[in-house]
Amino acid sequence: MKELQYLNKYFSKYKWRFLIGILMTFFAKFLALKIPQIIGDSLNIVEDYQNGIVTDLEEVKHQLLINVLIIIGVTILSGVFIFLMRQTIIVTSRLIEFDLKNEIYQQYQRLSLNFYKKNRTGDLMNRISEDVSKVRTYVGPAVMYSVNMIVLFAVGFTQMVSIDVKLTLYTLIPFPLLSVSIFVLSKIINKRSTIVQEYLSKLTTFNQEFFSGIDVVKSYGIEASIIKDFDDIANDSKEKNIHLQKANALFFPLMILLIGISNVLVLYIGGSQYINGEIQIGTIIEFMLYVNILTWPVAVVGWVTSMAQQAEASQARINEFLKQVPEIQNNSSKPFSLAGSVTFKNVTFTYDDTNITALKNISFSVKSGETLAILGKTGAGKSTIIELISRLYDTNIGTILLDNTPIKEANLNDVRSQIGFVPQDPFLFSESIEDNIKFGKEDATEAEITTAAKNADVHKNIIDFPNGYKTILGERGVTLSGGQKQRVSIARAIIKKPKILIFDDCLSAVDTETEEKILSNLERISKNITTFIISHRISSAKNADKIIVLDDGKITQQGTHNQLIKLEGYYKDLYEQQLLEKEN
Ligand SMILES: Nc1ncnc2c1ncn2[C@@H]1O[C@H](COP(=O)(O)OP(=O)(O)OP(=O)(O)O)[C@@H](O)[C@H]1O
Ligand SMILES: [Mg+2]
């Protein structure tokens, strides 16, 4: 159980709760085991009266009444302790579950983009929900039942042996058998339920994909084939579930069978002893009650063992993520104030998951406050340059300098907080427009928000919505058009008042007139901001202080608009082509 040792810190954090829980369990079970004894006693009193050993009927009645009252009292008290036992142990397991989830979530936030490219969302979700809940069953119920079993057995067994050793041994013969068979059965059940889980997650993934792609499905008219695919998975899932239920259905019959065997043994052996006058009738009943009390904890041994194995497997999956060191490390705690110049020196970058070398020996520099436009065919490496500036990836070949400091040596948090980034495929959260813009600056005032929206030329669109800036976006809200989405995310970037502004092809979905407006606003507000504009349009690039053209990861052209239109090459071709389109 190497992996589960990771949980030791939590066991020690909550050790007092666990200790109290164990104490409560002890009291509860100790009391529960008193009841068979009292019932046995009562029957013996009646038997003694019938055999003429005791003659005073009033005395017998009085004794029985006292016994009944004791049974009621003990039951209530034991119930109170069981309540307290659950309140401590089970509640503690929930606290550990909460801590563990938080720990995983914080680790998820720390891990770099590359981690997310390599692992599937479903897997990430599963480890923080399914796996944690398996582990919780181990720290909660499994611990509780183990303590339960130890106490019941220690107390019960001592009590039984003190009454009759021979009868005890015969009664307990089926118990090891019970434990082993439950263990085997639990393993089968676990295996089958893992398969059921897999099918469940297949179904979920299938549906999730289908719902997100609903417009494609509808427009291609392929509903029927989707239904068929769904049916296939659902049918398999059903078969596996039935398979699981068959194993599940064996659980209780097996237990009852073994209790039955024990009872028969008590009856037979105890009966013979009674006939020989070795024991009284009450003792037989007392033993039968013990057998019934002890069966459940014994059955649970098997269950607990298989639970622990499952928890071990789940914890291993959790540990795998917890132990990953984020690729992008913050190597400096010194505050880093950025002026805004960016230099690439012979940078080569290869994505390690696909082995695609997206940038090959790239060198350029941008002074603080300048605007750099990057053009190039799709797949040329434009977005990759940007991702390196935001340090979403680290490069091993070449150097990137921010104000003459190598990017890896600058305080990462400060770097990111001074960069305003509009990604190529902007993502807006299912919250209000206002909150989405404030994402760039949490304490932004209303005036700042509207100014940012005006500069991004989206203010007029927003106030046309009935709820204005309070309009909720996303699944249960308004769907923005592609261009509106781009402009809201531009507002989100500029409200930050960053030192470096990056626009990754984010004017592609707006018409040229709006593009013109946004660009002239930008020119006004970004006097002291280094700006990167990635585009496929000459109109976005022409006013930049410098333009670079990328092709297949290499810089093929570099200069200003006026220089480049005079040179044969990609820029001039693009210029002429777009000029022609405009005239038509
Ligand atoms: N996360 C990634 N993992 C692996 N390979 C990637 C990743 N992102 C991009 N690539 C690859 O790197 C190359 C450059 O991609 P990049 O996104 O930088 O191109 P781009 O110039 O921005 O193209 P576009 O104009 O279409 O946005 C492409 O071949 C692409 O397949
Ligand atoms: Mg791109």
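## Ligand 1 and its surroundings

In this predicted model, an oxygen atom of ligand 1 is 3.2 Å from a polar backbone atom of A380. A backbone N or O atom of G379 lies 2.8 Å from an oxygen atom of ligand 1, and a polar side-chain atom of H536 is 3.3 Å from an oxygen atom of the ligand. Of the 630 Å² that ligand 1 exposes when taken alone, the protein buries 75% (accessible areas by the Shrake-Rupley method with a 1.4 Å probe).

Ligand 1 is surrounded by 17 residues, the closest being T378, K382, S383, T384 and Q424; a residue is near the ligand if one of its heavy atoms lies within 4 Å of it.

## Domains

An automatic or database assignment divides the protein into domain 1 (3–322), domain 2 (340–418 + 499–584) and domain 3 (426–497). The centres of domain 1 and domain 2, taken over C-alpha atoms, are 62 Å apart. Four residues from domain 1 and four residues from domain 2 form the contact (heavy atoms within 4.5 Å).

## Interface of domain 1 and domain 2

One salt bridge is counted between domain 1 and domain 2, a salt bridge being a side-chain nitrogen of Lys or Arg within 4 Å of a carboxyl oxygen of Asp or Glu. The side chains of K118 and D352 meet in a salt bridge at 3.5 Å, N to O.

The area buried between domain 1 and domain 2 is about 430 Å², with 48% from carbon and sulfur atoms; buried area is the accessible area (1.4 Å probe) that two parts lose on being put together, summed over both.

## Basis of the values

Residues are numbered from 1 along each chain as its sequence is written, while chains are lettered from A and ligands numbered from 1 in the order in which they are written. Local features need pLDDT of at least 70, side-chain atom pairs count only at pLDDT 80 or more, and totals for chains, interfaces and linings use all residues, while side-chain values use heavy atoms, leaving out hydrogens and water.

Methods:
Polar contact = N/O pair within 3.5 Å; in protein donor to acceptor, adjacent residues only side chain to side chain.
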